[in-house]
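Here's a friendly walk through one protein chain. Have a look at the sequence and the model first, then read on.

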Amino acid sequence: MDRLFKLRHNRTKVSTEVIAGLTTFFAMSYIIIVNPSILSASGMPWGAVFLATIISAIIGTLVMGLVANVPYAQAPGMGLNAFFTYTVVFSLGFTWQQALSMVFICGIVNIIITVTKLRKYIIKAIPESLQNAIGGGIGVFVAYIGFLNVKAVIDGAETSIITFAAGVPEIAKLNQPAFWVFLIGLVLIAVLLLLKVKGAILISIVATTLIGIPFGVTQMGESSTSFIDACKELPTTFLAVFREGGIESLFTDLSKLPLVLITVFAFCLSDTFDTIGTFIGTGRRSGIFTEEDERAMESGAGFKSKMDKALFADATATSIGALIGTSNTTTFVESAAGIGAGGRTGLTSVVVAMCFAISAFFAGFISAIPAAATAPALIAVGIMMLSAFKDINWAELDEAVPAFFAGIFMALCYSISYGIAFGFVFYVIVKICKKEIKQIHPILWASTALFVLNFILLATL
């Protein structure tokens with residue numbers, strides 16, 4: 001085990017990695033039920049997407065763990081699955097087979113830009129201040145996900161009688177059982193972390209799940225599709241991109257070709273920068289991607305660094321997921337929960353993959369873990385990651401302005417890539433105003449231009 005994952009070299013041990021893997025899995029297990037619920041609205045069979053979600057997560061996470069030896073988990077990404085259903089299928093009028101085909105093409109594009117090391121060069125081109133902002137921003141984003149998942153922060157329009165308060169966020173009412181369970185879990189995880197209890201995050205998830213039983217918050221998932229039924233439905237989506245109505249149909253109507261290219265572009269940009277943001281935000285500060293790894297990146301000889309391998313694992317996962325029958329498979333930001341619990345090697349990922357495999361037979365039990373139990377874990381991890389902000393010189397506006405937008409807009413826009421986009425745009429504006437245009441890396445110019453183009457194109461859809 002030590003030879004395979006280099007545990008001692010990474011200053012970790014089997015028990016720590018197992019706990020980290022379980023922590024990551026429980027933090028992201030909601031995707032098992034949520035993803036098929038979203039994609040099935042497009043006409044895809046629920047059971048087929050359920051299995052495709054699990055299979056793509058297993059394959060992508062195993063590649064991440066066994067090839068790259070890093071503690072990241074992969075699964076169909078939230079946001080991208082909603083874009084798949086509500087924008088590509090509902091708004092633009094494409095079939096789910098065509099949407100899957102565009103996701104497959106997106107995966108191929110990501111593989112190409114990863115093999116050519118373009119994604120790696122993008123990471124190297126990002127200034128240190130923005131990297132720290134992205135790291136802290138991921139923390140804000142992860143914590144915000146926790147608050148939203150348990151509806152601790154709600155839209156004031158839902159409860160307010162006063163017109164001017166409509167739409168203003170406010171804290172949830174204390175008469176909600178789930179909110180009480182969440183508060184108990186939040187106090188519990190804070191106490192365990194302050195007392196430096198080993199496995200604090202995982203213990204709090206399990207304990208809060210049990211506490212939720214008498215509150216009626218912890219309940220078995222309501223899935224009407226059995227594992228056998230799901231297996232029977234899987235052939236409907238498996239390799240559907242190569243059958244009638246798949247990739248070939250995207251290019252039969254030339255009048256729709258520009259729209260197809262715009263949609264693929266939108267998929268690619270979001271997928272690429274979501275992953276880059278996650279790696280920067282969690283990998284550098286935790287020591288997963290070390291200086292030695294960066295020197296291997298800079299050598300340019302083959303795929304020697306962990307970052308190279310991790311980016312390749314992420315790129316291949318999207319195409320594999322599309323072939324099985326799901327939207328973009330990406331590196332989950334909830335991996336930060338496992339990293340916060342001490343995960344440092346691919347053994348964490350292998351444990352996550354094993355949990356996904358088991359969940360195929362026990363979806364009801366897995367989905368019984370309420371958001372009230374996992375939300376405190378995400379908030380705790382978010383707090384830990386905010387330390388990246390301390391390395392930003394907030395007294396200097398030329399550094400503070402881009403950092404603010406990169407660090408805060410991730411949560412406000414509910415998108416890692418959009419946070420990075422606004423950070424890039426304002427970094428370029430600052431450098432132009434300061435007459436320091438030469439300090440802007442050509443790749444940063446190109447990335448910023450692509451983001452602006454993406455916003456313009458999306459506005460015309």
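What follows goes from the overall build down to single residues.

## Before you start

This is a predicted model, in which local features need pLDDT of at least 70 and side-chain atom pairs count only at pLDDT 80 or more, while totals for chains, interfaces and linings use all residues. Residues are numbered from 1 along each chain as its sequence is written, and side-chain values use heavy atoms, with hydrogens and water left out.

## The big picture

The protein chain has 22 helices and four strands. Those are DSSP runs numbered from the N terminus, with helices (H or I) needing at least four residues and strands (E) at least two. The radius of gyration is 22 Å, close to the 23 Å that the globule rule gives for 461 residues, so the protein chain is as compact as a globular protein of that length. For that, the radius is taken over C-alpha atoms, and the rule is 2.2 Å times the number of residues to the power 0.38. Along the principal axes, the C-alpha atoms fill a box of roughly 65 × 60 × 55 Å.

How much of the chain is tucked away? Of the 461 residues, 54% count as buried; buried means under 20% relative accessible area, exposed over 50%, and partly exposed in between (1.4 Å probe, protein chains only). The protein chain exposes about 19,400 Å², and carbon and sulfur atoms supply 67% of that. Accessible areas come from the Shrake-Rupley method with a 1.4 Å probe, and for residues only the protein chains shown count as cover. As for contacts (heavy atoms within 4.5 Å), residues 24 or more positions apart account for 78% of those with a separation of 6 or more.

## Rings that meet

Searching the whole structure turns up 21 aromatic pairs. Rings of Phe, Tyr and Trp (its six-membered ring) pair if their centres lie within 6.5 Å; planes under 30 degrees apart are stacked, over 60 edge-to-face, and the rest tilted. Take Phe147 and Phe182: their ring centres are 6.1 Å apart and their planes sit at 70 degrees, so the pair is edge-to-face. This pair links distant parts of the chain, with Phe147 in helix H8 (residues 128-149) and Phe182 in helix H9 (residues 177-194), 35 residues apart. Phe182 is buried, at 1% relative accessible area, whereas Phe147 is partly exposed at 28%.

Elsewhere, ring pairs join Phe404, Phe405, Phe409, Tyr418, Phe422, Phe426 and Phe455 into a cluster.

Side chains of opposite charge can pair when their charged atoms come close. Here, the search finds five salt bridges, each a side-chain nitrogen of Lys or Arg within 4 Å of a carboxyl oxygen of Asp or Glu. One of them joins Lys434 and Asp398 (4.0 Å, N to O). That pair spans distant parts of the chain: Lys434 is in the loop between helix H21 (416-433) and helix H22 (442-460), and Asp398 is in helix H20 (residues 397-412), 36 residues apart. Lys434 is partly exposed at 43%, and Asp398 is partly exposed at 26%.

Lys431 forms a salt bridge with Glu436, their closest N and O atoms being 3.0 Å apart. Lys431 is buried at 11%, while Glu436 is partly exposed at 24%. Arg8 and Asp2 also meet in a salt bridge, at 3.3 Å from N to O. Arg8 is exposed at 67%, and Asp2 is partly exposed at 27%.

Where is Thr345? It's in the loop between helix H16 (335-340) and helix H17 (346-359), and Thr345 is buried at 0% relative accessibility. Leaving aside neighbours within four places in sequence, its contacts include Phe5, Leu7, Glu17 and Pro71.

Ile19 lies in helix H2 (residues 14-28) and is partly exposed at 26%. Not counting residues up to four places away in sequence, Ile19 touches Gly199 and Leu202. In helix H5 (residues 80-91), the buried residues include Leu80, Phe83, Phe84 and Val88. Just after H5, Gly93 takes a positive phi of about 85 degrees.
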